[in-house]
Amino acid sequence: PPPPRLKCINTENNQDDLWGKLICTNFKVSFIPNDDPHKRLSHKLLGEHDIPLTCLEQVVTVNDTKGKKKVLGSNQKLKFNPTELILYCKDLRILRFCFNEAGPESARKVCLAIGHYSHPADLQLLFGTEVFFIVCNPWERVNGYPQRTGLRTPFFDRSSDWDREIKRTSASEWRVCSINEDYIISPSLPEFIVVPVSMADQDLKQYSLYFTDMRVPLWCWNHHNGSALVRMASVVDPLTQRKTDQKIFTAITRSHPHRSEVLKSELDKCLPNILEIQNAFIKIRQICTLDPFEESEERWLSTIENSRWLEFVRAFLKQSAEIVYYLDGKNVSVIIQEEEDRDLNCVVSSLVQLMLDPHYRSLIGFQSLVQKEWVMAGHRFLDRCNHLKKNDKEESPLFVLFLDCVWQMMNQYPAAFEFTEAYLTVLSDSMWIPLFSTFLFSSSKQRAQNLMEFAKNKAIPSAEDPTLYFPSVWEWSLQYSTKDQTLFNNPMYVGKGAACVQNGEVKSFSRTKQKSFSSTLRGSATSLRNGLRGGEDTLPRRGSLMSELKPDFSPAKDESPSERYFKEWFSRPADLHGLLIPVLMPSHMALWKLFFLRWVPEACISKGGPITAYHKLSQLVDEIEILRSQLRQYKGASPASTPLKGQRGRPSEQRNMYFRAYSPDEPQTPPDYLTSSFPFNPAGNLCRRYVYGTPISKFLNGARIWLSTETLANDTV
């Protein structure tokens, strides 16, 4: 049947309602407005009002006249004619539709279709595993591997990627091991892992029997001083714990040039579990998207704090900083351990490397970090994202928590990262697009099995010997144009070898192997605990987590070694190509507004927010690039080929900034479409009243607290 005509409610006075058509496919729900003036970041696969089915959290039908409401799922019946449809999305959008001119049967069918297809019965019915793939012909392969055109991010699905990482970090006492080829040892580990040179393959196979899911310890990263970061699952039999630890510790100690001791941190005992993280996220989502924004102004900040989300963000950053102290300050290797080695270890190992290694603060480096420590390490994206909506108890936003931690560091050191918060937000949204295998599966084996099933179901002849692979999220050209991808570029980024001005002198950032990384910890870290050797202090158990999260800069007569380390570090200027540790005092943990509040019109500031600075800086950088290009042309040109005065340097498609430098005849005012939610559009939420400015901002300017947006609209400051 034809899609029903409907009205998309946006305001109570109906002035900003959008009229259009609602369509459901096996990939997405599409609302096509008859006339939509709003335009922002243009997605190649999704319109502004499109929602992938995997992004739907809840589908609710309403009949206003009968006062009935029902949450729809797979193969359910609807006993009343819906007058409204409300879609709650995992990217925090809420879309509300009113079937004013739709026939009751059409409205019922589209509601049931959305409810059904948003709950796939199994993995094979997810859109990405059903129809979308890329075929690489044999002549597009090198050494038997497909050449992914334009893709520079290593996948770590071959030994050469790991070899390059070993060489890059100077981990000469570690080697690539292939004992898990064809996943014969552990179904959740990648086929290639990195292990100590002193450990034989036969010993590893024997040790694997002692660990959960037979996950042998995994090398993550090497410090230039020789200390290593290693992640490990729990030992299955407590009786063999001591003996197994001793064997692993001995092998890691031998891989250190100074034979330093090995410390172990049991993250299960000092960090919140996945259920606590999920509950905190549900609370902060409720505060930011569901609760009436204007009615909770007086207690808004306290309710954010009571959600415990920012407390948990701080806890993970703090734990990571403590591990950094031992790797960098004490020159010892550290093992991080949790039961399955697939959740908390992913967050902490990534944050430690992000703090220690500036390579991971570049765009390609960050993507390789996610690929290595999350995708290939077997984070259970299928379960934690709850793509199949089968077990809510397994759902937990660990990857969003990690991205929030990264944003906290970016917020404090904006020039140290090549990418922007818009990139982080787009990356989080990509979890809900079922076309990319990156966030669709729980392990490499699961990905490979589904690829084989796909080829079998599509009857692809093996004689043709094509190499198939599901596309990766890192292939951004599948989602965004080249120009839109420039929104990922940070104009303030201080790249390797880039110059800066300090005290009137131009200096260059550089990294040498002789010096220690510099850092800035504005709240001292406590000493590392949990089964450490040599009488070291131990980390707090979860029961004392709150006391450990209080401000850490109270005067003390006797400073611990870690406090002296951080205090000395803090006394020096931050080296953007050295170790970076965020300020850990609770007052410095901020709400990631672009992620949590981008769909809230009341929180949207017209021509305000961080985007205004980004706009000006991008134009400045673009102008500098133009001048550099012109200078190169003048230096290399003959008098007869001297560029004309009006030439503007490189072609538009080759420029790195989204906002381009003004030409002399252009107006110097910022574009009207710039808001604090850019590049996202709060009007796309389609269920909130659209009011620029917030009661909070007016209250901070000395005005009284407004109880409603109606009152706010009639008042002026």
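In this predicted model, helix α9 (residues 344–356) and helix α10 (residues 363–375) run with their axes within 10 Å of each other, crossing at roughly 150°. An angle over 145 degrees counts as roughly antiparallel, so α9 and α10 fall into that class. As for the hand of the crossing, α9 goes past α10 in a right-handed way. On the α9 side, the pairing draws on Cys346, Val347, Ser349, Ser350, Gln353 and Leu354. Facing them from α10 are Phe366, Leu369, Lys372, Glu373 and Trp374. Sorted by class, the residues of this α9–α10 contact come out as six nonpolar, three polar and two charged.

Helix α9 has another partner in α8 (residues 309–329), and here the axes sit 9 Å apart at an angle of about 55°. With that angle, α8 and α9 are therefore oblique to each other. Their crossing is again a right-handed one. From α8, the contact takes in Phe316, Leu317, Ser320, Ala321, Ile323, Val324, Leu327 and Asp328. The α9 share is made up of Leu344, Val347, Val348, Leu351, Val352, Met355 and Leu356. The class breakdown for α8 against α9 is 13 nonpolar residues, one polar and one charged. Val347 of α9 turns up in both pairings, meeting α10 as well as taking part in the contact with α8.

The C-alpha atom of valine 324 lies 9.9 Å from that of leucine 580, although 256 residues separate the two along the chain. Leucine 580 belongs to the loop that connects α17 (561–570) with α18 (593–596). Despite this loop position, leucine 580 is buried, its relative accessibility being 0%.

A further helix pair is formed by α12 (residues 398–412) and α13 (residues 421–430), whose axes come within 10 Å and cross at roughly 180°. That angle makes the two helices, α12 and α13, roughly antiparallel. Phe399, Leu403, Val406, Trp407 and Met410 are the α12 residues involved, and they meet Glu421, Leu424, Leu427 and Ser428 of α13. Seven of the residues in this α12–α13 contact are nonpolar, with one polar and one charged residue besides.

Setting aside residues up to four places away in sequence, threonine 253 touches Arg259, Ser260 and Val262. The relative accessible area of threonine 253 is 15%, and since buried means under 20%, this residue goes into the buried class.

Some backbone details in the loops are worth a look too. Tyrosine 183 has a phi near 60°, which is a positive value in a residue other than glycine. The loop in question runs between β12 (174–177) and β13 (193–196), and at 14% relative accessibility tyrosine 183 counts as buried. Aspartate 213, also not a glycine, has a positive phi as well, of about 55°. Aspartate 213 is found in the loop between α4 (201–208) and β14 (218–222). With a relative accessible area of 33%, aspartate 213 is partly exposed. Then there is a cis peptide bond, from phenylalanine 678 to proline 679, with omega near 10°. Proline 679 itself sits in the loop between α19 (610–636) and α20 (695–700).

The protein has 717 residues, and 56% of them are buried. Of the contacts with a separation of 6 or more, 73% are between residues 24 or more positions apart. The accessible surface amounts to about 31,400 Å², and carbon and sulfur atoms account for 52% of that surface.

Conventions
Residues numbered from 1 in each chain as written. Predicted model: local features only at pLDDT ≥ 70, side-chain atom pairs only at ≥ 80, totals over all residues. Heavy atoms only, no water. Axes fitted to C-alpha atoms, helices over the stretch in contact; angles between N-to-C directions. Helix = DSSP H or I, 4+ residues; strand = E, 2+ residues; numbered from the N terminus. Parallel < 35°, antiparallel > 145°, perpendicular 65-115°, else oblique. Left-handed = near helix turned anticlockwise from the far one by under 90°. Contact = heavy atoms within 4.5 Å. Nonpolar A, V, L, I, M, F, W, Y, C, P; charged D, E, K, R; others polar. Buried < 20%, exposed > 50% of the residue type's maximum accessible area, 1.4 Å probe, protein only. Areas by Shrake-Rupley, 256 points an atom, 1.4 Å probe, with all protein chains shown as cover.
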